[in-house]
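Subject: Handover of a protein structure

Dear colleague,

Please find below the structure that I am handing over to you.

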Amino acid sequence: QVQLVESGGGLVQAGGSLRLSCAASGRTFSTYTMGWFRQAPGKEREFVATINWRLGSTFYANSVKGRFTVSRDNAKNTVFLQMNSLKPEDTAVYYCASRASGADWYLYTHANEYDSWGQGTQVTVSS
């Protein structure tokens with residue numbers, strides 16, 4: 001089991017930037033893939049980005065491609081989401097998630113493919 005703690009959310013004007021952090025503890029040696037998801041009120045949890053923990057390979061949802069960057073610090077067991085050029089439609093609770101096993105040829109873009117979740121952090125983008 002992996003415990004995830006998120007931070008970095010807040011209120012920002014459209015066009016601004018935020019960097020989210022997610023610190024992992026527990027059985028971090030089993031981590032294969034980390035993902036970022038977001039959920040707006042009344043909506044389904046939406047895929048944002050994923051990173052292969054070992055290789056550093058990344059993949060993004062079309063809605064954030066070119067604006068968001070996911071990265072990790074292996075030594076500190078921390079994953080980041082740099083969010084630039086923020087839009088009001090980016091407003092949501094952002095969650096990080098971990099998957100213990102995986103395959104390099106598959107992109108894990110569904111919430112039910114992850115094992116552990118953070119508590120979420122609110123991101124609000126004003127017009």
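How far apart are the mean positions of the positive and negative charges of the protein? The 12 positive and 9 negative charges have mean positions 4 Å apart. For this count, Lys and Arg are positive and Asp and Glu negative, while His and the chain ends are not counted; each charge is placed at NZ of Lys, CZ of Arg, CG of Asp or CD of Glu.

Please note that this is a predicted model, in which local features need pLDDT of at least 70 and side-chain atom pairs count only at pLDDT 80 or more, whereas totals for chains, interfaces and linings use all residues. Residues are numbered from 1 along each chain as its sequence is written, and side-chain values use heavy atoms, with hydrogens and water left out.

Overall architecture

The protein has zero helices and eleven strands. Both are DSSP runs numbered from the N terminus (helices: H or I, at least four residues; strands: E, at least two). The C-alpha trace spans about 40 × 25 × 25 Å along the principal axes. The radius of gyration, taken over C-alpha atoms, is 14 Å, which agrees with the value near 14 Å for a compact globule of 127 residues; the globule rule is 2.2 Å times the number of residues to the power 0.38.

Of the 127 residues, 44% are buried (buried means under 20% relative accessible area, exposed over 50%, and partly exposed in between, with a 1.4 Å probe and protein chains only). The protein exposes about 6400 Å², of which carbon and sulfur atoms supply 50%; the areas come from the Shrake-Rupley method with a 1.4 Å probe, and for residues only the protein chains shown count as cover. A contact means heavy atoms within 4.5 Å. Among contacts between residues at least 6 apart in sequence, 57% join residues at least 24 apart.

Asn-77 belongs to the loop between β7 and β8. Its phi is near 50°, a positive value in a residue other than glycine, and Asn-77 is partly exposed at 21% relative accessibility.

Thr-78 is part of strand β8, which covers residues 78–83. Thr-78 counts as buried because its relative accessibility is 10%. Its side chain reaches the backbone oxygen of Lys-76 at 2.9 Å, a polar contact (a pair of N or O atoms within 3.5 Å; within protein, one must be able to donate a hydrogen and the other to accept it, and residues adjacent in sequence count only if both atoms are side-chain atoms). Beyond neighbours within four places in sequence, Thr-78 is in contact with residues including Ser-21, Cys-22 and Trp-53.

Val-79, also in strand β8, is buried at 1% relative accessibility. Leaving out residues up to four places away in sequence, Val-79 touches Met-34, Trp-36 and Ile-51, among others. Val-79 and Lys-65 are 14 residues apart in sequence, and their C-alpha atoms are 18 Å apart in space.

Two loop residues

Arg-67 lies in the loop between β6 (58–60) and β7 (68–73) and is buried at 11% relative accessibility. Its side chain makes a polar contact of 2.8 Å with the side chain of Asp-90. Among the residues that Arg-67 touches, not counting those up to four places away in sequence, is Ser-85.

Ser-85 sits in the loop between β8 and β9 (92–99). Ser-85 has a positive phi of about 50° although it is not a glycine, and is partly exposed with a relative accessible area of 41%.

With kind regards
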